[in-house]
Amino acid sequence: MRIADVLKAKGAAVATITPETSVADLLAGLVERNIGAMVVVGPDGPVGIVSERDVVHRLHALGADLLTRPVSEIMTTHLVFCAPQDSVDSLTAAMTHHRVRHIPVLADGRLAGIVSIGDVVKSRMQELESSTEHLQAYITQG
């Protein structure tokens, strides 16, 4: 299965914010959309990603003052990207290797989607269900 197949099933919408957005506004957006991360986009494209986990780690260190600070102070700037033609297996390996749960998808240099570990698990479950159905049909027909 390819990343393009995952995006076709889930949609290609990506929640984005700017580096100047406050952490409080980030949290409001995460809650409103029921998501775990947003891609931080500057004038030239993606510059980072910020997740609930980033907030929790910095909240412990800075306290409530963190809410007024810009997401640029807490975002992850070392981005790992994938492409629509990449396999879900390669994405899974990248998530494990880089210890990340969300990977933006780039197509022709533009943001084309985002895939989370939840999306990967869902696609794996669908593959297993399909294989099970095929095996059951084979057994009952054979």
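In which helix is the place of valine 120? The model is a predicted one, and in it valine 120 belongs to helix α5.

**Valine 120 and its surroundings**

With a relative accessibility of 5%, valine 120 counts as buried, because the cut-off for that term is under 20%. Leaving out residues up to four places away in sequence, valine 120 touches Val88, Leu91, Thr92, Met95 and Val115. Arginine 101 stands 19 residues from valine 120 in sequence, and the two C-alpha atoms are 9.8 Å apart in space.

**The nonpolar cores**

Valine 120 is also one of the residues with the most contacts inside the largest nonpolar core, a group of 15 residues in which Ile3, Cys82, Leu91, Ile103, Val105 and Val115 are likewise named for their contacts. Two or more residues of this core come from each of α1 (3–10), α4 (88–98), β4 (102–107) and β5 (110–116), and α4 contributes the most, with four residues. Apart from this core lies another one of 13 residues, which includes Val23, Met38, Val40 and Met75.

Valine 115, when its neighbours within four places in sequence are set aside, is in contact with Ile3, Val6, Leu7, Lys10, Leu91, Met95, Arg101, His102, Ile103, Val105 and Val120.

**Helix α4**

Which residues of α4 are buried? They are Val88, Leu91, Ala94 and Met95, and because they cover an arc of only 115 degrees around the axis, they lie on the same side of α4. The buried residues of α4 pack against α1, β4, β5 and α5, whereas the face of α4 turned away from its buried side carries the exposed residues Asp89, Thr96 and His97. After α4 comes arginine 99, whose phi is positive, near 55 degrees.

The strands β4 and β5 pair in the antiparallel sense over six bridges, and arginine 110 in β5 is the bridge partner of alanine 107. Five of the seven residues of β5 are buried, so this strand is largely enclosed by the rest of the structure. Two residues lie between the strands of the hairpin, where aspartate 108 takes a positive phi near 55 degrees.

**Aspartate 119, a buried polar residue**

Is aspartate 119 buried or exposed? Its relative accessibility is 15%, and aspartate 119 therefore counts as buried, the cut-off being under 20%. This residue lies in helix α5 (residues 117–141). The side chain of aspartate 119 makes a polar contact with the side chain of lysine 10 at 2.9 Å, and the side chain of aspartate 119 also reaches the backbone nitrogen of serine 116 at 2.9 Å. When neighbours within four places in sequence are left aside, aspartate 119 is in contact with Val6, Lys10 and Ile114.

**Annotated spans**

An unreviewed UniProt entry lists residues 6–66 and 75–130 under "domain: CBS". In the model, residues 6–66 are 44% helix and 25% strand, and the end C-alpha atoms of that span lie 35 Å apart. Residues 75–130 are 45% helix and 23% strand, with end C-alpha atoms 38 Å apart.

Key
Residues numbered from 1 in each chain as written. Predicted model: local features only at pLDDT ≥ 70, side-chain atom pairs only at ≥ 80, totals over all residues. Heavy atoms only, no water. Core = buried A, V, L, I, M, F, W, Y, C linked by side-chain atoms within 4.5 Å. Buried < 20%, exposed > 50% of the residue type's maximum accessible area, 1.4 Å probe, protein only. Contact = heavy atoms within 4.5 Å. Polar contact = N/O pair within 3.5 Å; in protein donor to acceptor, adjacent residues only side chain to side chain. Arc of directions from axis to C-beta. Pairing = 2+ DSSP bridges. UniProt positions renumbered as here; feature names shortened; annotations may be inferred.
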